[in-house]
Amino acid sequence: MILVVGIIVASLLSYQQEQRALLRETEDRLSAVSRLQATRLAIWRRERLTDASVIGSERNLARAAADFVRHPGDREQQENIRHSLDVMKRGYGYYSVQLLDDRARVLIHATGDRPVVGLRLPALLSSVRAHGKPILTDFHSDSARVPVTHLDIIVPLDMTGIHDVSGLYLLLRVDPTAFLFPFLEAVDSSRTTPVFAFVRTEGNTVVVFFAAADDEHQGRWQEFSADNLTLPEVRAARGERGFFRATDHHGEDLYVYAVDVADMPWSVIAMLSESVIRNPLRVRAEAMGLFIMLFTLASAFAILFLWNREVKASRQREQESRALLDESRDLYRQLYHGMYQGVIYVDDAGNVLDANPSANRILGLSVPQGDQITLRGLFHSVVRDDGTAVASDALSSIVVPRSGRPVMDLTLGVQRAEGSPVIWLIVSAFPLIHGGEVHPGHTLMVFEDVTDRRAVIERLRESESLNRNLVDHMPLRIFIKDCESRYRSCNAVFARDLGLSPDAIIGKTDLDLFPRQLAEEYHAGDRIVITENRLIDVQEEYQLPDRLRWIRVIKVPYRDPHGNVTGLLGMFEDITERRLGEEIRSARLRLTDFARDHTTEELLRETLDEVGTLTGSPIGFYHFLEPDQKTLTLQAWSTRTLKEFCHAEGKGAHYALDEAGVWIDCVRERRPVIHNDYMALPHRKGLPPGHAHVERELAVPIFRGTLIVAILGIGNKATPYTQQDIDTVVQFADMAWDVAEVKRAEDRLKSSLREKEVLLKEVHHRVKNNLQVISSLLNLQSARIPDPTIRAAFFASQTRVRSMALIHEKLYRSEMLAGIDFGDYLRTVTGDLVRSYSITNVTVEMETEEVHLPVDTAIPCGLIVNELISNALKHAFPAGTEGKLYVKARRLSSAEVELIVEDTGRGMPPGSDPRTMTSMGMTLVHSLTEQIGGTFSLTVPHGTRIAIRFPG
């Protein structure tokens, strides 16, 4: 019975403990999910406001809105602003986008929107106008005006620089279906999933916005009286936070966790039914009750059964005790023999009485072995952990203590025989004192082989030493500071830069090591890293006595194993070479682009200006060395050299190499030369009148193959020139030569092209003049012919020659020598023909597009036009009849052109077939049409219409 009562009490205690644990787990679960949803909603709100700020600062949008306000009836302006609103609506996924004025009126909206702003908007617009930045409303609906639950973002447009229009705003309406409901989705739809809701107060009403309850993400509103304090929604809305128990409006008990949403009047609550939470406990309690009942019945039957067997059991106990004792001995023996530690049993004289198999395996023993083995003779040598030897006669006193106190974790290295490997052991000795004894009679030695472990530790120590050496010899300067900006550690390179040892730096601050201004800048950076818990990566420039130095500094928070910031880790490296290389590459790109639109001299001057800027040199020159390697050609000087320093003449001049000054040493020695003390040079020859005063100079020869082709020089740097300056100048010198060579070749090619263009224009001009001479000869000849028919034939030939001459005139006057603007040609030739025939009763209408034709197509087309227009002017309008003549040229496609000549005259006789006509004009038209691969068509609706289509 006592056992039954104990089980019942233990079960009740266990039930209470599990109940408390389940409530703690429920609280943790509801807290985690509610805080997660609140955080995600706050992040979502910040993202929407960030999007709104970006949209509001968009200058193109502001200008488009201003243009629309200025011209609201302009369809193009409407389309522009509506297109911008549509792009914004699609790109950001808004439910509605509307442009508002200062009085909350909708000026225009995105396609498909309803131009409704809502009842609350004027007051919100006043708040935006007062603060000058976007605001986001909470969840709301405007009843029948805007039935969809939504959020509004009001964005003021940045009208800076737009003086005649102001006070424009964007209303960005967010549909929670698209943006917000995914945050409120439950993981699954089971009853064990917490229910989420947003709550807030509106007067004496608590508004509740529940999460999506179906697959279409449709939320739902509910309102409760703020006086009903039993509801979890009301308690959360009235300020209760954290974990609490409540009853919902259906009377169901709930566990609730409530948290605030940052920057919003809403709170998030996560709720879970108490019945769902306690269901596992109820099932367990019912099972425990059934178990106790069955156990009680079984115990009663067992007591009766045992009472009857007590007599028999008492007779068997002695036998069972003996069996247990034998089993215990067997268990001890198995444990003794199965231990992975070695065990040796030693008497007070140091004799080994017994050893388990692990001891035999570790030490290579076989105990007992006929003769008695002693600890003294067991090992060849023994050393301590610090390397000191242990005398053989002292070993027993160490591991067999007479004090009666155990020896714990003694590290010894032992050798079984001379030359055998050292085995490292961790030894513990336990004296065994039996009843009545003063001193221990036997000792139990337990030891473990740690040879492999010790080797691993040694390797770790070597690895640590190696890592330290690597850190000390890395080119990076590395240091660690505490939260007070005191140095805790640094590598050898960092210490060497400061001229100190690492130990001398530890404990100091930047004020102890650097100038005050620099130290304060370093300390400010430390504060940012430590207080804001973030990385900083900056590049800093230092002007050293001999050169400019760029340093990249990286500082990151330094954390302990628990993640707490305890200081910072800093690294810096010298990036001067990399920075200089980037600037050189950037300058090379600028010069390459500069070369496209400038002359060779301007390119060389720009190169010298770039080199002067990078090296700090106000003087620069670039001269060519002729292939004879004896003659210099002066080419270019830097801008500052010409404006501020040097007025000596000589551009383009040639003079002998032997007459040049000391800067020509770079040619004699065939390498870059630096003269940092020009005035002290014994072989200097002096400077020509107007030449700049020289204090120091650097000259670099430019090689192509074995020949020196040019020299680039700079001078008067404020500090001595170094190898770094040579490297910079060499790169620019080679690049300038390559680009200059290309530029000179381009100049030669352009000059050749200009000569050919002039020659071709001269050919067209001469052909035109010759055709004009032929036309004049025909005119003179026709004047002597009395027969009007023959004279008309001469006149027709003369017009044909003039049409060809006009084409050559257009060509030599045109910038495009490969073809002519045929539309312009048609207007000119038509006007000439009308004037030639002295026509006053016909109105000519032209309809021409910009059609360019090559010469071999333009000349036949010109002759065709001449024949068709001449025929119309001569035959279509007899006896002064008035009418119209239409001339059209248009491009049907990229590969086909159509030419149309149409008149409103009397037309051709019925049944006329132009293919059978034998007149000179029509024969010529057909022949020329076939020559250009065209097709001929004639229609006679009201007059005559001839259309020719041809490739072009």
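**Close-up 1. Helix H24 and the lining of the second largest pocket.** In this predicted model, helix H24 contributes the most to the lining of the second largest pocket, with eight residues. Helix H22 (788-813), strand S36 (896-903), helix H25 (920-931) and strand S38 (944-951) are, like H24, elements that each supply at least two lining residues; helices (H or I, at least four residues) and strands (E, at least two) are DSSP runs, numbered from the N terminus. The pocket has a volume of about 640 Å³, a volume being the space filled by probe spheres set on grid points that are joined across faces, edges and corners. Its lining comprises 31 residues, of which Ser870, Asn871, Ala872, Lys874 and His875 lie nearest the centre. A pocket is an open set of points on a 1 Å grid over the protein atoms alone, where a 1.4 Å probe fits, with protein on both sides within 12 Å along at least five of seven lines, and lining residues have an atom within 4 Å of a point. By class, the lining divides into 15 nonpolar, eleven polar and five charged residues (Ala, Val, Leu, Ile, Met, Phe, Trp, Tyr, Cys and Pro count as nonpolar, Asp, Glu, Lys and Arg as charged, and the others, Gly among them, as polar).

**Close-up 2. The crossing of helices H23 and H24.** The axes of H23 (residues 822-836) and H24 (residues 855-875) come within 10 Å and cross at roughly 35 degrees; axes are lines fitted to C-alpha atoms, for helices over the stretch in contact, and angles run from 0 to 180 degrees between N-to-C directions. The crossing is right-handed, the near helix being turned clockwise from the far one by less than a right angle. Residues in contact (heavy atoms within 4.5 Å) include Phe822, Tyr825 and Leu826 of H23 and Cys861, Val865 and Ser870 of H24. The contact has eleven nonpolar, four polar and no charged residues.

**Close-up 3. The packing of helices H17 and H18.** The axes of H17 (residues 576-595) and H18 (residues 600-615) come within 10 Å and cross at roughly 165 degrees, and the two helices are therefore roughly antiparallel to each other (angles over 145 degrees). H17 passes H18 in a right-handed crossing. Among the contacting residues are Glu583, Arg590 and Phe594 of H17 and Glu602, Thr607 and Leu614 of H18, and the contact divides into seven nonpolar, one polar and five charged residues.

Residues are numbered from 1 along each chain as its sequence is written. Local features need pLDDT of at least 70, side-chain atom pairs count only at pLDDT 80 or more, and totals for chains, interfaces and linings use all residues, while side-chain values use heavy atoms, with hydrogens and water left out.

How values were computed: Angles under 35 degrees count as roughly parallel, over 145 as roughly antiparallel, 65 to 115 as roughly perpendicular and the rest as oblique.
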